[in-house]
Amino acid sequence: MAVTAPAFETIAPPAASARRRRYTEDQVPLGTVLIRMLAGFIVLAIFILPYIIMFFGSVKTKAQIRSVDPTYFPQEWHWENYIDMWSTPETPLPQNLISTIVISVFATLLVLLVAMPAAYYTARFKFPGRMVFLFLVIVTQMLQPAVLTSGLFRQFLAFDMIDTWAAMIFINAAFNLSFAVWIMHSFFAGIPKEVDEAAQIDGAGRLRVLFTISLPLVWPGIVTAIVFTFVACWNEFAASLVILSTAGNQPLSVALTKFVGQYETSWQYVFGVSIVAIVPVVILFMIIEKRLVGGLTAGSVK
Amino acid sequence: MSTTSDASPIQAGAAESRPRPGRGTEPKGGAGGARPGGRDLLASLPWIGPALILIFGVVLFPAVVMFYNSTRDISISGVDKGSVGLDNYIEVFSFPYFWPIFGRTIVWVVVVVAATVVISLGLAQILNKAFPGRRIVRLAVIVPWAASVVMTTMVVYYGLEPYFGIINKFLVDIGLVDTPEGYGWTRNPATAFAWSIVVAIFVSLPFTTYTILAGLQTVPGEVLEAAKMDGAGPIRTYWGVVLPQLRSALAVAVLINIINVFNSLPILKVMTGSIPGYDADTIMTMIFKYIQNQHKVDVASALSVVAFIIVIVIVAVYVRVVKPMKEV
């Protein structure tokens, strides 16, 4: 088998190699490099600007953030907001955070548990219905909870699971399954079959081959699947909005919208919570940066 | 392609002693010796079964439930009072705001996707050039992708508040708005919708830019060299050589963006949700107004079916144009 590397591996290797090559061989004039740096800096500034505003807002007092003559920078740094915000009356934020964590963690585990065997099997074996299965996976990737919310709502009502974490765990897992299957599928497909065979000749069972031989090799794919699923569940909004009606059950994304349209919104708390919710997932996403596209576009871009 | 056939004695022996399917047939090899048969399918179930259950139980079955409910009369308290034929659809289409909402949905999708793609083409061009610090800029571009769309929208909503909003202050400071308290952008449907478009473009840029960047990697360096040798300037090279190579990346980016933007709820929910009336709604926000404000799950289902059919058409186009299965 002429091993085809996973499609997305070819996506972003350029960073180091291409850069070095162009610097040394092409002799880009200094002026051009400076213009590029300036353009790059402007791009960077624009993309992080909303989050800088968020951060500055999160350390202002309510009086400062609602001042008729606002200042761009905080005059004083009120770090105590990061403690006080958890007891704001609008919504039980500590419970919302727990809800977000529980739903995201269990949905991610479920995705992993379900997607890994499917990805391994479809990458390794031909069986009737394999193409149908993979087609189904691609179609689900294009469907989102928003368009199916009314159906999901009635279904989980009938199952007596409305307003439960379990319902959201299933929904998040189902709608993020395809990315995980796809990214892991391409990693499994990239392992030379001979590696598996050698292990089988040595008498290892199929499950053992999967766990001791294949898994370590597809680890990057698994990490990508975990991170992507986790972040998607973390930010899910539409289905949670309808399925979870009790304030304490709702994730942060839904809970925070209650601040909008209030007579006197405590924006400093909204932003404090947002920073706490955004920073970890941004860091996670940066880890899998290079493999994001491959999983989302089903390998059709490489 | 040198497909390792699984006809090796050891493999065959293993398969006999253990009635498992598709003995190590390499999918990409194509020529593998899988015997199609019910037994193989059955043996694959422990592996793909859980995924099938999840897909059927939580994606396809709700779609069926939704189709069914769209023909039922469901009371506000949720009791199914029997069939009403197509009455719910009639209610959807005869709603005086339906066609404006439909038109607005098209504007929403077309403007956001078109602007996103054009801006992303430029961004990808910058990020594809070599310069010190490029890695940091690339990572910064990811931030709106990872961050919650609700939270990103809320900071813009705050910024647009009259009197204390920071965007309003900035617009006043640079002289674009001449009332000292700023302008109530989020108080009227037209400007709130316009700003929603800006936010939607902003949060769509990362995925689109990264997809185009991935596409740029497929442009062979030799072709660019050749174009240079032939005396083509940078603009001519871009139009004549680079853009055609980006065709498949662009097709994927456009279609996935159309789906995402069509399905987008949080931006409009935050920006325009507190404005009374239906002058800033799209099909998606209207579905949620039926469910949440009017408690008409039956009518919401009918409108959802309309939306679902639109999505399915887009997906069909995606499968035809992008051919995602060709890699399998």
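Biologist: Hi! Which residues in α5(B) meet which ones in α8(B)?

Modeller: Hello! This is a predicted model, and in it B:V141, B:I142, B:P144 and B:W145 of α5(B) meet B:F202, B:V203, B:P206, B:F207 and B:T209 of α8(B). By class, that contact has eight nonpolar residues, one polar and no charged ones.

Biologist: Where do I find those two helices, and at what angle do they cross?

Modeller: Look for α5 at residues 134-146 of chain B and α8 at residues 189-216 of chain B. Their axes come within 8 Å and cross at roughly 125 degrees.

Biologist: Why are α5(B) and α8(B) called oblique?

Modeller: The crossing is roughly 125 degrees. An angle counts as roughly perpendicular from 65 to 115 degrees and as roughly antiparallel over 145, so α5(B) and α8(B) fall among the rest, as oblique.

Biologist: And what is the hand of the crossing where α5(B) passes α8(B)?

Modeller: The crossing is left-handed.

Biologist: Let's zoom out. How many helices and strands are there in chain B?

Modeller: Chain B has 14 helices and two strands. Of its 328 residues, 45% count as buried.

Biologist: What share of the contacts in chain A joins residues at least 24 apart?

Modeller: Taking contacts between residues at least 6 apart in sequence, 80% in chain A join residues at least 24 apart. For chain B, counted between residues at least 6 apart, that share is 63%.

Biologist: Back to the strands of chain B. Which way do β1 and β2 run, parallel or antiparallel?

Modeller: They run antiparallel: β1 covers residues 72-74 of chain B, β2 covers residues 80-83 of chain B, and two bridges join them. B:I74 stands opposite B:D80 in β2(B).

Biologist: What do β1(B) and β2(B) form, and how many residues lie between them?

Modeller: A hairpin, with five residues between the strands. In the turn, B:G78 has a positive phi of about 100 degrees.

Biologist: New topic: how many residues of chain B are in contact with chain A?

Modeller: On the chain B side there are 110 residues, in contact with 113 residues of chain A. Helix α2 of chain B, residues 38-69, gives the largest share of the chain B side, with 17 residues. By class, that side has 72 nonpolar, 27 polar and 11 charged residues.

Biologist: Can we look at one residue there? What does B:L41 touch?

Modeller: B:L41, which sits in helix α2 of chain B, touches A:F127, A:P128 and A:G129, leaving out residues up to four places away in sequence.

Biologist: Why does B:L41 count as partly exposed?

Modeller: Because B:L41 has 16 C-beta neighbours inside 10 Å, and a residue needs 20 or more to be buried but 12 or fewer to be exposed.

Biologist: One last stop, over in chain A. Where is A:K62 found, and what does A:K62 touch?

Modeller: A:K62 is found in helix α3, residues 62-65 of chain A. Not counting residues up to four places away in sequence, A:K62 touches A:S266 and A:Q268. A:K62 is partly exposed, with 15 other C-beta atoms within 10 Å.

Biologist: And how far apart are A:K62 and A:Y269, in sequence and in space?

Modeller: They are 207 residues apart in sequence, while their C-alpha atoms are 8.8 Å apart in space.

Methods
Residues numbered from 1 in each chain as written. Chains lettered and ligands numbered in written order. Predicted model: local features only at pLDDT ≥ 70, side-chain atom pairs only at ≥ 80, totals over all residues. Pairing = 2+ DSSP bridges. Helix = DSSP H or I, 4+ residues; strand = E, 2+ residues; numbered from the N terminus. Contact = placed C-beta atoms within 7 Å. Nonpolar A, V, L, I, M, F, W, Y, C, P; charged D, E, K, R; others polar. Axes fitted to C-alpha atoms, helices over the stretch in contact; angles between N-to-C directions. Parallel < 35°, antiparallel > 145°, perpendicular 65-115°, else oblique. Left-handed = near helix turned anticlockwise from the far one by under 90°.
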